[in-house]
Amino acid sequence: MSEIVLRENKKIGEKYCVFRHKSGLTVLFSPNSYSGSFAILSSKFGSADTEFSYGGKTYKVPQGTAHFLEHKLFETEDGGDAFDLFAKYGASANAYTSSSVTSYLFSSLSDFYVSLEILLDFVIHPHFTEDSVERERKIIEEELLSYEESPSNRCFFELMRCLYKSHPVREDIGGTAASVAEITPDTLYLCHKAFYDPENIILVIAGNLDIEKIGDIIDKKVPAISGGVAEKIYPKEPDRAVKKLSRTKMFSSMPFFAFGVKDAVSDLSDTERNKRALAISILADMYFGQSSEFFTSLYEEGLVTGDFSAEYAYSSSYGHLTITGAGRKPFTVKKRIEKYVKKIKESGINAEDLELSKKIFYSGFIGSLQSSASYAYELLYCYLEGHDPLNYPDELKSITPEYAYGVFKSFFDEKRFAFSVIEPF
Amino acid sequence: MDYKREILKNGIGFTLITDEKFKTDVTYAAFKRGNGVKNAAYSLLLAGVLSRSCEKYPSLYKLNRRLDALYDAQLDCDSRSVGLASVPIFHIRSLNNRYSYDGTDIRKGALDVLYDTITAPKTENGVFSKSDVRGEKLQLIDHINGIKDDPCAYADRRCLSFLFKDDPRFSPRGGTVEAIEEADASSLTEYYRDMLAKSPAEIVCVSDGYHPEFEKFASDLAEKLGGGANESEDGGKIIARGDIARMTETLRSRQGAVRILCDTGDDPSSDRGYVLNLFNEIFAGSAVSRLFKNVREKLSLCYSCGADRYGGLHKLVIRADAESANLAACEAEILRQLELMKEKVSEKELEEGKRSLCEALLSSADSPNSTALWYLIRTLRGLEPLSREEYAEKVNSVTAEEITRAAENIKVEAVYTLKEAENE
């Protein structure tokens with residue numbers, strides 16, 4: 001392994017270390033005294049990575065490939081299931097796919113090191129057959145059906161299709177029944193080869209564990225020769241929403257709505273993008289979060305239910321804010337959002353409110369360090385976004401009222417707005 | 001981890017748990033009410049109204065601003081069923097004082113908000129604000145009607161209503177739309193006053209060490225409460241059924257669901273629920289359980305399956321979510337797997353089930369919230385306040401014969417099926 005770099009924040013009493021294994025695998029480790037230990041192995045291959053160049057060729061794979069591969073990697077060489085292996089040692093395993101990564105994880109109270117071997121084995125060495133892929137397809141199709149029939153999920157993806165012209169983030173993570181039907185074992189093997197090289201994988205571990213033992217297991221299980229990693233290709237997106245409004249009729253108890261603002265992030269450096277994202281997240285919570293004056297007044301007027309949220313999501317190729325909820329008068333809510341944005345643009349940002357919102361984010365950060373699992377997630381996401389989690393309190397300080405106001409004015413640009421509504425039959 | 005429990009007065013218990021690893025403080029105050037449709041509706045409605053404001057912070061915005069200033073302290077008011085009791089639960093989570101960077105006394109502030117929420121609500125001429133009650137009724141009715149948007153959640157709720165339809169002591173969470181509509185500001189205020197005056201209550205605090213603020217909070221709150229004996233009837237038997245009852249409903253959804261409702265035949269007051277919990281772990285509780293491996297993985301009959309045990313009610317609900325076309329085959333395979341559990345459980349399954357159950361249980365000790373809930377639910381159910389380590393020891397003592405015997409005692413009482421509506 002390369003030199004181990006220790007990172008520490010003495011003020012809050014937290015530390016972790018990072019090193020790069022000779023295979024190219026990046027490892028982050030947080031030693032702690034919690035009862036449970038946790039490991040998460042993430043490939044930088046997500047649902048949005050449907051076009052890439054690898055070995056001199058360009059490939060386009062069906063929507064839902066990353067998610068399908070996630071399901072299939074649990075199959076072991078003898079046709080068994082990695083869950084069985086974890087169960088033998090009492091570990092609880094799971095996996096998930098997001099737009100930018102696929103992650104495999106387990107938590108364990110004892111026998112952590114054996115479970116780590118299992119994790120590295122099944123993720124790095126794929127085994128599946130025509131038959132088993134066919135069987136999995138049926139399960140995935142049923143899973144997709146449940147998402148399709150969810151009004152809130154449908155509303156969200158209709159909004160994504162308004163915001164984006166062709167970026168794959170506009171499609172459901174699992175794909176569609178039609179796209180899943182096109183996935184073959186060859187597609188899955190190709191993507192595994194292109195994206196599951198150790199160079200493209202991050203392993204994050206948190207627990208009361210020995211770093212030397214972890215290093216030995218990685219030496220034993222992770223091949224040292226890199227075969228190269230695919231280069232992702234994303235379409236160039238216009239700097240505006242491609243459609244302003246989507247109205248969908250479906251069976252639901254009441255109207256659902258999603259208000260979206262598209263961001264332009266691809267020309268920014270990691271540092272600029274992260275600072276901007278932090279500012280937008282704080283502003284979204286401050287003005288549209290559960291404790292905001294905006295939400296509480298809509299709630300008290302009976303215009304929205306309690307399921308109301310504002311979230312900013314981003315990567316190096318896309319960024320958007322979504323304000324989602326349900327209520328009887330979605331177009332009234334839309335007008336209120338637009339009016340409120342206009343008012344803030346004119347009046348500026350209240351410094352006291354901003355400080356209060358920064359407290360909320362600081363509290364969320366400390367809370368996330370409270371178990372091995374949440375600590376590991378925090379390390380993973382910060383690493384993927386390109387910043388050090390223990391700098392978070394300082395990053396918060398850097399969001400001044402002047403900076404936040406500047407971001408607000410440039411971000412909330414009407415041409416980037418879109419609105420999606422689900423209207424009950 | 002240190003544990004301390006005392007009875008503050010008749011029916012009012014106080015539990016304090018400390019462990020230096022916790023970064024947040026958690027405090028729960030829960031009131032045990034009799035169940036039934038009316039109480040279920042009133043309990044949840046009350047939780048909603050009290051979480052909107054109090055005398056000191058008379059609007060949702062003002063209350064939220066105060067919580068934000070306390071480093072985003074999280075106030076939650078809810079109601080849940082514990083056995084046959086309807087339990088309004090008031091709960092606050094806040095960052096430990098050592099993380100305060102501007103001298104704010106987060107702990108005291110958070111406990112004060114919780115105390116004010118429970119004991120000093122906003123009222124108009126002695127009753128809750130009519131508009132708050134009206135608004136909360138609307139929210140709750142929307143919530144209940146909205147369950148239809150998720151066929152799985154809808155099946156879960158409907159199957160319980162079906163199973164307990166002849167038992168006036170049981171109600172699904174939040175009661176019914178009719179019961180909610182009947183409530184008004186006066187009747188809800190009366191229910192609230194009755195809760196403070198007559199209900200047994202449990203207060204549970206979890207923190208990183210001993211802090212006198214918790215004892216003060218508990219004794220101040222107890223001062224305001226009347227206490228009392230249990231109103232609920234946990235030991236009672238649900239009305240038994242003879243033949244397997246069936247109910248099929250339709251929904252405009254291609255997703256379907258099957259729920260198999262069983263009586264577990266155990267005595268809820270015996271505290272031997274760990275045998276059934278282990279049975280459940282082996283049968284349906286994980287990705288290596290018999291149901292998951294056979295019904296989902298091997299036969300691809302469903303995309304989700306499992307079973308929920310209703311400890312205080314000696315009931316087990318086995319569930320599978322599947323396309324309507326697969327429901328009959330899915331049900332048949334579940335019943336076959338249930339029969340097989342009566343024949344044999346291998347040593348491998350037993351050991352893996354024990355490890356999985358115990359590791360999940362013991363890992364949850366890292367969470368102050370899970371720790372608080374562990375003791376809160378046990379005390380509310382009148383069970384011995386065992387630590388998780390003691391409970392794990394009991395799980396580890398279970399034999400394969402006890403599991404097959406538990407399976408033999410399980411009687412299928414009813415099958416609920418939710419199908420796609422035809423010609424829609």
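**View 1. Salt bridge between A:Glu117 and A:Lys220 in the predicted model.** A:Glu117 pairs with A:Lys220 in a salt bridge, with 3.0 Å between the closest N and O atoms; a salt bridge is a side-chain nitrogen of Lys or Arg within 4 Å of a carboxyl oxygen of Asp or Glu. The two residues are 103 residues apart, A:Glu117 in helix α3 (residues 112–124) of chain A and A:Lys220 in helix α8 (residues 211–221) of chain A. Helices (H or I, at least four residues) and strands (E, at least two) are DSSP runs, numbered from the N terminus. A:Glu117 is partly exposed at 21% relative accessibility, and A:Lys220 is exposed at 56%. Buried means under 20% relative accessible area, exposed over 50% and partly exposed in between, with a 1.4 Å probe and protein chains only.

This is a predicted model, in which local features need pLDDT of at least 70 and side-chain atom pairs count only at pLDDT 80 or more, while totals for chains, interfaces and linings use all residues. Residues are numbered from 1 along each chain as its sequence is written, chains are lettered from A and ligands numbered from 1 in the order in which they are written, and side-chain values use heavy atoms, with hydrogens and water left out.

**View 2. Salt bridge between A:Lys72 and A:Glu136.** The side chains of A:Lys72 and A:Glu136 form a salt bridge at 3.9 Å, N to O. A:Lys72 belongs to helix α1 (residues 65–72) of chain A and A:Glu136 to helix α4 (residues 130–148) of chain A, so the pair ties together parts that are 64 residues apart in sequence. A:Lys72 is buried at 4% relative accessible area, and A:Glu136 is buried at 6%.

**View 3. Salt bridge between B:Asp208 and B:Arg98.** These side chains meet at 3.5 Å, N to O. Because B:Asp208 sits in the loop between β9 (201–207) and α8 (212–224) of chain B, and B:Arg98 in the loop between β6 (85–95) and α3 of chain B, the pair ties together parts 110 residues apart in sequence. B:Asp208 is buried, with a relative accessible area of 18%, whereas B:Arg98 is partly exposed at 45%.

**View 4. Helix α3 of chain B.** Helix α3 (residues 106–119) of chain B has 14 residues and reaches 20 Å from its first C-alpha to its last, close to the 20 Å expected at 1.5 Å a residue; the expected span is 1.5 Å times one less than the number of residues. Of the 14 residues, 11 are buried, among them B:Ile106, B:Arg107, B:Leu111, B:Asp116 and B:Thr119.

**View 5. Interface of chain B and chain A.** In this interface 53 residues of chain B are in contact with 55 residues of chain A, contact meaning heavy atoms within 4.5 Å. The chains bury about 5000 Å² between them, 51% of it on carbon and sulfur atoms; buried area is the accessible area (1.4 Å probe) that two parts lose on being put together, summed over both. Eight salt bridges are counted between chain B and chain A. A salt bridge at 2.5 Å, N to O, joins the side chains of B:Asp142 and A:Arg328. Elements giving two or more residues to the side of chain B that touches chain A include α2 (60–69), α4 (130–146) and α12 (347–363) of chain B.
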